[in-house]
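Student: Could you take me through this model slowly, showing me how each feature should be read?

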Amino acid sequence: MDVHPAPARGPARRVLVVEDEPTVAEVVTGYLTRAGYEVEHAADGLTALELAAALRPQLVVLDLMLPGLDGLEVCRRLRAGDGPPLPVVMLTARGEEADRILGLELGADDYVTKPFSPRELVLRVASVLRRAEAPPPAASVAVRAGDLVVDPAARRAERGGRELALTGREFDLLVFLLRHPGRVFSREELLRHVWGWEFGDTSTVTVHVRRLREKVEDDPAAPKLISTVWSAGYRFDPPDTRAGDGSPRP
Ligand code: CA
């Protein structure tokens, strides 16, 4: 049985694989090529940045442990430019949890931990690309809650007239919470609804909630919008229930 998810129709998606270990690079390249991607390879960070600029891939598979410029720095620079963020799937080793969390904070979309199943990597790549390329749903009218305004179609969010610089996942998380005010969601539920993962590391959710709070809360140390509900999860409370009723913006 072939479980490789075929990429969407149209021109082949270009994926840049950044990995210095030849064997891993070869296996990953082989699997992605067979899954229908056009694959380029870079064995170090600087080459990766050059190739990313020259080839404009749709996604980067990025090993964290690289000679010279490390994967985190590459991730930071890849995500620093203007325009829509380039999706990144990180390859990390066990014991690199701090780096993994930092990578997610830098805007990486997903990760797999070595040793990984190449099929799982292909699934993660397909899932991240699907997300990045999904057209906004037709009913994605802007949602307002108090002085917080989120426009899913334009992928813009602002609070008090100030635009919020959110990563893709932070944006998706905010939209999800905004659409379900007053309801408590566990980390597992958020992982399923926002990330589309049936299983995974719930610390991913914790990291994103913390980052989102830093961007939307007046005082991230005393969050009022995204509350932690002890032993249950998180709940979004609209900033001003008199002014914001969560209804679509006129
Ligand atoms: Ca490596």
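Tutor: We will turn to the metal site and then to a pair of helices.

Tutor: This is a predicted model, in which local features need pLDDT of at least 70 and side-chain atom pairs count only at pLDDT 80 or more, whereas totals for chains, interfaces and linings use all residues. Residues are numbered from 1 along each chain as its sequence is written, and side-chain values use heavy atoms, with hydrogens and water left out.

Student: Which residues coordinate the calcium ion?

Tutor: Donors are N, O and S atoms within 2.8 Å of the metal (3.2 Å for Na, K and Ca), and sites may look incomplete because water is not among the atoms. Here the calcium ion is coordinated by Asp20 (OD), Asp63 (OD) and Met65 (O), at 2.1 to 2.3 Å, and the spacing of these donor residues in sequence is D-x42-D-x1-M.

Student: Is aspartate 63 buried or exposed?

Tutor: Buried means under 20% relative accessible area, exposed over 50%, and partly exposed in between (1.4 Å probe, protein chains only). Aspartate 63, at 2%, is buried, whereas methionine 65, at 52%, is exposed.

Student: What describes two packed helices?

Tutor: They are described by the angle between their axes and the distance between the axes. Axes are lines fitted to C-alpha atoms, for helices over the stretch in contact, with angles running from 0 to 180 degrees between N-to-C directions; helices (H or I, at least four residues) are DSSP runs, numbered from the N terminus. The axes of H2 (residues 45-55) and H3 (residues 71-78) come within 10 Å and cross at roughly 20 degrees.

Methods:
Helix = DSSP H or I, 4+ residues; strand = E, 2+ residues; numbered from the N terminus.
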